[in-house]
Every structure is written in structure tokens, then in C-alpha cells.
Amino acid sequence: FPYQWSVEEWRECLQATPIQVVLINTPLGTNKQPGFSATENKREDFIAGIKKGIEYCKALGCTNLHVMAGLKSSGDEEVFIRNMREAGICWSKKILEHWWSVLVGG
């Protein structure tokens, strides 16, 4: 998770090395909750995390943003599908349902 440092600090470090950032996770919650994409009543936190992740990806030349789904007990499939679609992640409902089953082991 790159968010404890500013984009400018990351750029400075990356310019001094041949390292390329290839994946960034969306931010953890305030209590280190691993994501909000499937958590009811956390839509604003989820969208804020997506925006922050995209900001870092764009600034650091990273093309992969890993969306942290959250805990199995904290969400449900319809919330996950709705939030992912609202975030502009334009996958079909069938694909989202597949990924939901992978996330929760069902």
C-alpha cells in the first residue's frame, strides 16, 4: 500500500531506480479493513479508495489497480456488483458474480 507516502515522494524514489510499479491495491480502511467493495453503507469509502488508487496509478505509470473487496462477513453479492459498476468497472454481471463466488469461496 503506497499511501503513507505522497505521489511526489514515490516519483522521486522511482526516478532514482529502474523499478516499475506494476500493481497498486486500493487503500485499507481506517481500522485496516481490507476494502469496502462488498460492504453495505460504505459506498463513499469505496469510491474514495478507487479514486485515490487511480490517482496513484496514473501518477506512477501503473496500469493495474487491485480492488480490495473486504471481508466475507461484511458484505454481499448485490452490494459488490452495484459498487463495482458505480465505480465504472464495466464488467458484465456474470463476470462480477463469478468473482464474487471466488472471493467468498462459494
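**View 1. Where α1 meets α2.** Val7, Trp10, Arg11 and Leu14 of α1 touch Glu55, Tyr56, Ala59 and Leu60 of α2, contact meaning heavy atoms within 4.5 Å. By class, this contact holds 6 nonpolar, no polar and 2 charged residues. Here Ala, Val, Leu, Ile, Met, Phe, Trp, Tyr, Cys and Pro count as nonpolar, Asp, Glu, Lys and Arg as charged, and the others, Gly among them, as polar. This is a predicted model, in which local features need pLDDT of at least 70 and side-chain atom pairs count only at pLDDT 80 or more, while totals for chains, interfaces and linings use all residues. Residues are numbered from 1 along each chain as its sequence is written, and side-chain values use heavy atoms, leaving out hydrogens and water.

**View 2. Helix α2 and its cover.** Helices are DSSP runs (H or I, at least four residues) and strands are E runs of at least two, numbered from the N terminus. The 18 residues of α2 reach 26 Å from first C-alpha to last, close to the 26 Å expected at 1.5 Å a residue (1.5 Å times one less than the number of residues). Its buried residues (under 20% relative accessible area, 1.4 Å probe, protein chains only) include Phe46, Ile50 and Cys57. Among the elements covering the buried residues are α1 (7–15), β1 (24–25), β2 (65–66) and α3.

**View 3. Where α2 meets α3.** Look for Arg43, Phe46 and Ile47 of α2 against Asn83, Met84 and Glu86 of α3. The residues of this contact divide into 3 nonpolar, 1 polar and 2 charged.

Technical notes. Buried < 20%, exposed > 50% of the residue type's maximum accessible area, 1.4 Å probe, protein only.
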